[in-house]
Amino acid sequence: MKKDKIINRRDFIQTGIRTGIGAGLGIIGFGLISRSVEGKTIWQLDPAKCVQCGNCATECVLQASAVKCIHVTDMCGYCDLCSGFFRPGALELTTGAENKLCPTGAIVRTYVEEPYFEYRIIEELCNGCGKCVQNCGAFGNGSLQLQVRQDLCVNCNQCAIARSCPAEAYSRVEPETAYLLKGFEELKITD
Amino acid sequence: MQQSIKHIKERYIHLTTIIIGCCIFLFWLFYNPVHNFTEAVPGLDNRPPRSSSLGSEVIIGEHFTFFGNAPDPSLTGRWPNFRGADFDNIAKDNVELIDSWPATGPEIMWEKDLGEGHAGVAIYEGRVYVLDYDERKERDILRCFSLVDGTELWRRGYSVPVKRNHGMSRTIPAVDGEFVLTMGPRCHVMCCDATSGEFLWGMDLVKDQKAEEPLWYTGQCPIIDNGVAVLAIGGNALLMGIDCTTGEIVWQTPNPDSLRMSHSSVVPMTIAGKKMYVYNALGGLCGVSAEESDKGKILWTIKDFTPNVIVPSPVYVGDNRIFVTAGYGAGSALVQINKSGGSFSARTLQIYKPSEGMASEQQTPLFKDGHVFNIQTKDAGTTRNQFVCCNPDDFRNILWTSSTTERFGLGPYIIADDKFYIMNDEGELTIARFSTSTFEVLDKAQVIEGDDSWAPMAIADGRLIFRDSKKMVCVDMRANE
């Protein structure tokens with residue numbers, strides 16, 4: 001049997017104040033979020049224009065750079081000889097440092113089954129130098145691509161990398177299209 | 001008493017200082033500031049030891065299907081192996097070919113679906129041979145078609161597991177009218193009667209000859225020289241000659257330097273008056289005698305240019321010189337062969353990176369009228385993917401290019417009827433006038449829709465055959481039809 005609850009004046013006032021404060025904070029928060037997203041653009045680089053000059057690693061105001069290598073695994077060939085993983089002319093296709101291209105060891109590979117290997121980027125180690133991207137594009141199918149990681153980027157008004165980019169690959173993009181990966185969107189559409 | 005307490009205090013201070021000092025020293029001594037680093041050593045990818053076993057016995061030639069056997073007897077044209085009869089990719093049958101595409105587009109005579117791959121065809125008097133892979137049945141299959149209408153005449157194959165690895169089939173058969181010879185993706189050699197498809201003999205080069213299967217499968221196209229199959233092994237033997245009738249090994253070249261099989265093919269050349277087989281193996285370039293008196297003998301070897309992937313074959317560029325090139329950052333080299341008395345030696349004249357001169361990743365360059373023609377690699381700098389020309393006296397000096405608006409990629413190119421026929425990656429075929437002084441496009445058309453139209457083209461009796469990764473097409477190129 002449900003018992004009717006009697007609200008006294010003090011509880012009514014307290015509840016009213018709490019509700020008012022909560023609603024106010026909600027409105028302020030919504031307003032701030034709306035202001036931060038609406039009409040705001042963020043920096044991104046176009047992999048189709050990128051020439052892997054190395055500036056992304058050195059020009060960013062962050063240490064390490066907010067630019068990271070992204071692996072578009074939809075495109076990857078999973079080859080034993082990965083030109084983004086091994087330096088040109090590597091003597092052996094092993095994980096020995098002498099054979100690897102990445103100066104920070106940010107790419108790891110794992111044997112799947114003959115003849116396939118999986119390649120992953122350790123983002124914390126990647127400094128955005130683009131050496132792997134350059135070789136992957138030159139000899140492979142270009143599945144390694146540089147992108148500004150939006151969760152790291154502080155979105156400077158004047159992006160320091162964009163200023164020094166020789167290929168003019170940087171542009172302001174809408175948050176809805178925060179990443180400009182090649183060979184990814186097309187595949188997603190067909191999926 | 002106070003003196004004693006002071007003395008004890010001092011001793012404690014000294015002792016404490018010594019203990020702290022010792023602790024700091026021990027900490028310094030034993031602390032490893034890079035203890036959380038992971039050494040990059042071999043084996044971190046958990047790759048198991050390589051196995052040459054395919055899991056089941058391969059019975060070469062076990063499957064055969066006969067459909068019919070009546071090609072047009074009027075067809076006499078031949079493109080009997082990789083790069084044609086003279087291994088130069090130049091058609092010499094004097095058929096006049098079109099300069100431009102018809103208004104209605106290329107005249108496609110027939111087309112066939114194939115398994116995923118990059119294997120081109122050989123043509124012999126009305127028969128077309130291609131080594132295909134049937135992914136559903138897991139079989140290498142040698143398929144024989146009629147050049148006239150694409151009717152399949154017969155197919156001979158064997159069960160062998162091949163996984164997709166940027167395509168499965170890659171090699172072009174060799175045919176001499178009597179025999180047809182194939183090399184499968186996993187180093188299985190099969191010899192059949194060229195007309196009936198009767199199986200004659202087979203050989204597993206990995207199992208029988210300790211060859212090592214190259215990355216992305218075999219790319220070597222076998223050759224037949226006077227009824228003898230000439231194969232590069234890179235295992236127990238460097239090269240080997242096998243009687244096509246009996247399957248018996250008639251000569252073999254020792255492999256003292258443990259050179260390994262590349263994707264390149266053996267090319268017969270005559271250098272300084274000596275007929276030899278030139279092979280660009282992983283580990284070195286070599287010349288092996290092709291003359292009866294000393295067949296199979298190593299004449300010379302040079303190890304100055306040793307890329308870890310080699311696809312293009314060596315090209316003879318006159319004056320006893322050989323041009324070799326490779327992709328993946330390797331570049332190219334020009335090698336001079338000298339003869340002194342009865343012995344030969346090799347010397348590198350030029351060696352350079354791809355951004356410094358002519359270089360190719362996949363296709364073998366053309367040599368005609370004292371000039372070399374090639375599509376540049378993707379890492380060739382400003383000339384990347386352009387069709388270019390060099391004088392073999394200096395491969396660093398590009399004489400002309402097809403311009404920045406005419407880039408091609410990894411597609412094939414041939415010379416026929418004094419014209420270049422150049423395919424790009426997406427199936428667009430360009431007709432250009434042959435010239436050593438300039439690049440002049442005559443016409444271009446989309447001739448096949450698919451991706452990766454990289455297989456070497458073949459032409460005979462005015463019919464040009466090319467393919468993309470999944471379809472083969474025959475186009476009538478005759479001007480007077």
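**View 1. The surface and fold of chain A in a predicted model.** Chain A exposes about 11,400 Å², and carbon and sulfur atoms supply 57% of that area (accessible areas follow the Shrake-Rupley method with a 1.4 Å probe, and for residues only the protein chains shown count as cover). Of the 191 residues in chain A, 38% are buried (buried is under 20% relative accessible area, exposed over 50%, and partly exposed in between, with a 1.4 Å probe and protein chains only). Five helices and six strands make up the secondary structure listed for chain A, in the sequence order α-β-α-β-β-β-α-β-α-β-α. Helices (H or I, at least four residues) and strands (E, at least two) are DSSP runs numbered from the N terminus. Among contacts in chain A with a separation of 6 or more, 71% join residues 24 or more positions apart; contact means heavy atoms within 4.5 Å.

**View 2. Where chain A meets chain B.** Here 26 residues of chain A are in contact with 24 residues of chain B. The two chains bury about 2,000 Å² between them, 53% of it on carbon and sulfur atoms (buried area is the accessible area, 1.4 Å probe, that two parts lose on being put together, summed over both). Leu81(A), Thr95(A) and Phe139(A) supply 28% of the area that chain A buries against chain B, more than any other three residues.

View 3. Look for Arg109(A) and Asp45(B), whose side chains meet in a salt bridge at 2.9 Å, N to O. Four salt bridges are counted between chain A and chain B (a side-chain nitrogen of Lys or Arg within 4 Å of a carboxyl oxygen of Asp or Glu).

**View 4. A serine in a loop of chain B.** Ser360(B) sits in the loop between strand E23 (343-352) and strand E24 (366-368) of chain B. Is Ser360(B) buried or exposed? Ser360(B) counts as buried because its relative accessibility is 2%. A polar atom of the Ser360(B) side chain lies 2.5 Å from the backbone oxygen of Gln363(B). Beyond its neighbours within four places in sequence, Ser360(B) contacts residues including Pro312(B), Thr325(B) and Asn374(B).

**Notes for all views.** Residues are numbered from 1 along each chain as its sequence is written, while chains are lettered from A and ligands numbered from 1 in the order in which they are written. In this predicted model, local features need pLDDT of at least 70, side-chain atom pairs count only at pLDDT 80 or more, and totals for chains, interfaces and linings use all residues, while side-chain values use heavy atoms, with hydrogens and water left out.

Definitions and conventions. A polar contact is a pair of N or O atoms within 3.5 Å; within protein, one must be able to donate a hydrogen and the other to accept it, and residues adjacent in sequence count only if both atoms are side-chain atoms.
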